[in-house]
Amino acid sequence: MQMLTEGVFVIFIIFIFAGGYVAVSARYLMNAVLGLALSLLGVAGLYFRLGSPFLALMQTLIYVGAVCVIIAFGIMVGPKSRHHEERRIMGRRNFILAASAVAVGFVLLAGNVIGAGWVPAAAVNRDFSVAFLGQNLLFNFCLAFELISVLLLTAILGALIIANIGREENRS
Amino acid sequence: MMPSDNLSTYLVISILLFFLGIYGMVRHRSFIGMLISSEFILNGASLNFVAFNRFLAPNPAVGQIFALFIMGLAAAESSVIVSIVLMLYHRYRSIDPDKVHDLKH
């Protein structure tokens, strides 16, 4: 059973980084979106392993279901098909510079993280149930809950207004 | 201890996701590609929160709520960015960041 869990864990990690590689290096934007979806699905699997199935569900629903679809619509509605392909002007020198900067950052941060001695809190509550999460969301963290709803409303209105400005200018 | 039961594994994965996003941000030559990379950065951050929440935090709801907050933020952000990209495409006929250098009007 333990080996099975580890095997599924490794498969999710492979999902994350295979999708990430495709998303970062794909020549066509639609392939990049599909890579993003695969990678986010892998992250949802890690959330499940970390003991919060609700978060895994939300990750699949919001990221894979909504954000990826919005981005795919943005690609299909906007630029014409010949624009889907990105122009690559990054030379070999810039590529090496970017890759080495990212690698140095990763090595520094990962070295610190692995070397640090993390100490758990004195009294750790192990209640990962959805009921506990919901109680916390509606009692202790009510402000965050309300804030995110107001934020979503504002963002939707703003997106509609901005898209409408573009349409009006196109017509005139 | 198994690797999937270890805090460092998750932290290293989230750092990798973060730097993957930064690398994609530098490499992509279009606004949509940069938006896709920014999702990786946000996901790295929220995986970090959930991992700390699982292994160290006294209240197991806080990290999950923060991750939910990040998800809502990412959804709002991507919808706004896609509409901005559509507007820019109507105006400039391009989604290349290098060609959109005129924001005066």
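The secondary structure of chain A comes to six helices and zero strands, where helices (H or I, at least four residues) and strands (E, at least two) are DSSP runs numbered from the N terminus. Please keep in mind that this is a predicted model, in which local features need pLDDT of at least 70 and side-chain atom pairs count only at pLDDT 80 or more, while totals for chains, interfaces and linings use all residues. As for labels, residues are numbered from 1 along each chain as its sequence is written, and chains are lettered from A, with ligands numbered from 1, in the order in which they are written.

Let me stay with chain A for a moment. Its elements run α-α-α-α-α-α from the N terminus on, and the chain is divided into domain 1 (1–84) and domain 2 (129–172), with bounds that come from an automatic or database domain assignment. Between the C-alpha centres of these two domains of chain A there are 22 Å. Of the 172 residues in chain A, 23% are buried, a residue being buried if 20 or more other C-beta atoms lie within 10 Å of its own, exposed if 12 or fewer, and partly exposed in between, with C-beta atoms placed from the backbone. Among contacts in chain A between residues at least 6 apart in sequence, 49% join residues at least 24 apart; two residues are in contact if their C-beta atoms, again placed from the backbone, lie within 7 Å.

Chain B has three helices and zero strands, in the order α-α-α from the N terminus on. Its radius of gyration, taken over C-alpha atoms, is 17 Å, well over the 13 Å that the globule rule gives for 105 residues, so chain B is more spread out than a compact globule; the rule itself is 2.2 Å times the number of residues to the power 0.38. Taken along the principal axes, the C-alpha atoms of chain B fill a box of roughly 55 × 25 × 15 Å. Buried residues account for 54% of the 105 residues in chain B.

The axes of α1(A) and helix α1 (residues 7–27) of chain B come within 10 Å and cross at roughly 10°, which makes the two helices roughly parallel, a label for angles under 35 degrees. In this pair, I13(A), I16(A), G20(A), A23(A) and V24(A) meet I13(B), L17(B), L20(B), Y23(B), G24(B) and R27(B), and the residues of the contact divide into eight nonpolar, two polar and one charged.

Finally, consider M2(B), in the segment before α1 of chain B. With 11 C-beta neighbours inside 10 Å, M2(B) counts as exposed, and, leaving aside its neighbours within four places in sequence, M2(B) is in contact with Q2(A) and E6(A).

Note on methods. Axes fitted to C-alpha atoms, helices over the stretch in contact; angles between N-to-C directions. Parallel < 35°, antiparallel > 145°, perpendicular 65-115°, else oblique. Nonpolar A, V, L, I, M, F, W, Y, C, P; charged D, E, K, R; others polar.
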